[in-house]
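Trainee: I have just opened this structure and would like a guided tour. Could we go through it together, one question at a time?

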Amino acid sequence: MIMVKEIAEERGIDEEDVHELLALFLDYTKTEDLAPLRAALKIENHSVARDRAHSIKGAALNLKLTEIASLARDIEKKCDAADLEGVEDLVASITDQLHMIDDFLKQLR
């Protein structure tokens with residue numbers, strides 16, 4: 001669930017600005033975080049995968065997207081342990097969450 005009103009109040013901005021932040025998060029995460037994360041996982045580069053997951057986690061926490069942040073945190077932990085089992089499922093779950101945000105934003109238009 002996206003807490004637009006809470007984010008707006010906490011940041012001292014209006015809800016339309018939150019919508020814009022969500023759109024920026026969505027675009028950035030897809031291109032700058034998920035794509036490199038997937039590429040790093042293919043070659044088992046734990047360090048890059050962890051960094052991209054960390055980036056997703058931080059941005060998600062700033063927007064109160066706790067489910068995405070939790071999934072990214074789990075990826076970080078797995079990368080730290082050099083255990084990539086199940087990481088693809090976590091990435092898929094993040095992708096599903098991003099689709100939900102995209103659908104939410106489309107409904108606003």
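**How the helices pack**

Mentor: Gladly! Keep in mind that this is a predicted model.

Trainee: Are H2 and H3 roughly parallel or roughly antiparallel to each other?

Mentor: The axes of H2 and H3 cross at roughly 160° and come within 8 Å. Angles over 145 degrees count as roughly antiparallel. H2 and H3 are therefore roughly antiparallel.

Trainee: How many nonpolar residues are in the contact of H2 with H3?

Mentor: On the H2 side, the contact includes Phe25, Leu34, Leu37 and Leu41, and on the H3 side it includes Val48, Ala49 and Ile56. Charged residues take part too, and there are three of them, along with two polar ones. The number of nonpolar residues is twelve.

Trainee: Now for H3 and H4: which way does H3 run relative to H4, roughly parallel or roughly antiparallel?

Mentor: The axes of H3 and H4 come within 8 Å, and they cross at roughly 160°. H3 passes H4 in a left-handed crossing. With that angle between the axes, H3 is roughly antiparallel to H4.

Trainee: How many charged residues does the contact of H3 with H4 have?

Mentor: In H3, Arg50 and Lys57 are among the residues that meet H4, whose own contributors include Arg73, Glu76 and Asp80. By class, the contact of H3 with H4 has ten nonpolar and two polar residues, and its charged residues number five.

Trainee: One of those residues is Lys57. Is lysine 57 buried or exposed?

Mentor: Lysine 57 sits in helix H3, which spans residues 46-62. Beyond its neighbours within four places in sequence, lysine 57 is in contact with Ala69, Ala72, Arg73 and Glu76. Its relative accessibility is 16%, so lysine 57 counts as buried.

Trainee: What about H2 and H5: how far apart are their axes?

Mentor: Helix H2 covers residues 15-42 and helix H5 covers residues 87-108. The two pack at an angle of about 155°, which makes H2 roughly antiparallel to H5. H2 passes H5 in a left-handed crossing. The distance between the axes of H2 and H5 is 10 Å.

Trainee: How many polar residues are in the contact of H2 with H5?

Mentor: The contact draws on residues such as His19, Leu22 and Thr29 of H2, and Val91, Thr95 and Leu98 of H5. Its residues divide into 15 nonpolar and four charged, while the polar ones number three.

Trainee: How far apart in space are leucine 37 and isoleucine 56?

Mentor: At 0% relative accessibility, leucine 37 counts as buried. Not counting residues up to four places away in sequence, leucine 37 touches Ala49, Arg52, Ile56, Ile75 and Val91. Leucine 37 and isoleucine 56 are 19 residues apart in sequence, and their C-alpha to C-alpha distance in space is 10 Å.

Note on methods
Residues are numbered from 1 along each chain as its sequence is written. This is a predicted model: local features need pLDDT of at least 70, side-chain atom pairs count only at pLDDT 80 or more; totals for chains, interfaces and linings use all residues. Side-chain values use heavy atoms; hydrogens and water are left out. Axes are lines fitted to C-alpha atoms, for helices over the stretch in contact, and angles run from 0 to 180 degrees between N-to-C directions. Helices (H or I, at least four residues) and strands (E, at least two) are DSSP runs, numbered from the N terminus. Angles under 35 degrees count as roughly parallel, over 145 as roughly antiparallel, 65 to 115 as roughly perpendicular and the rest as oblique. A crossing is left-handed if the near helix is turned anticlockwise from the far one by less than a right angle, and right-handed if clockwise. Contact means heavy atoms within 4.5 Å. Ala, Val, Leu, Ile, Met, Phe, Trp, Tyr, Cys and Pro count as nonpolar, Asp, Glu, Lys and Arg as charged, and the others, Gly among them, as polar. Buried means under 20% relative accessible area, exposed over 50%, partly exposed in between (1.4 Å probe, protein chains only).
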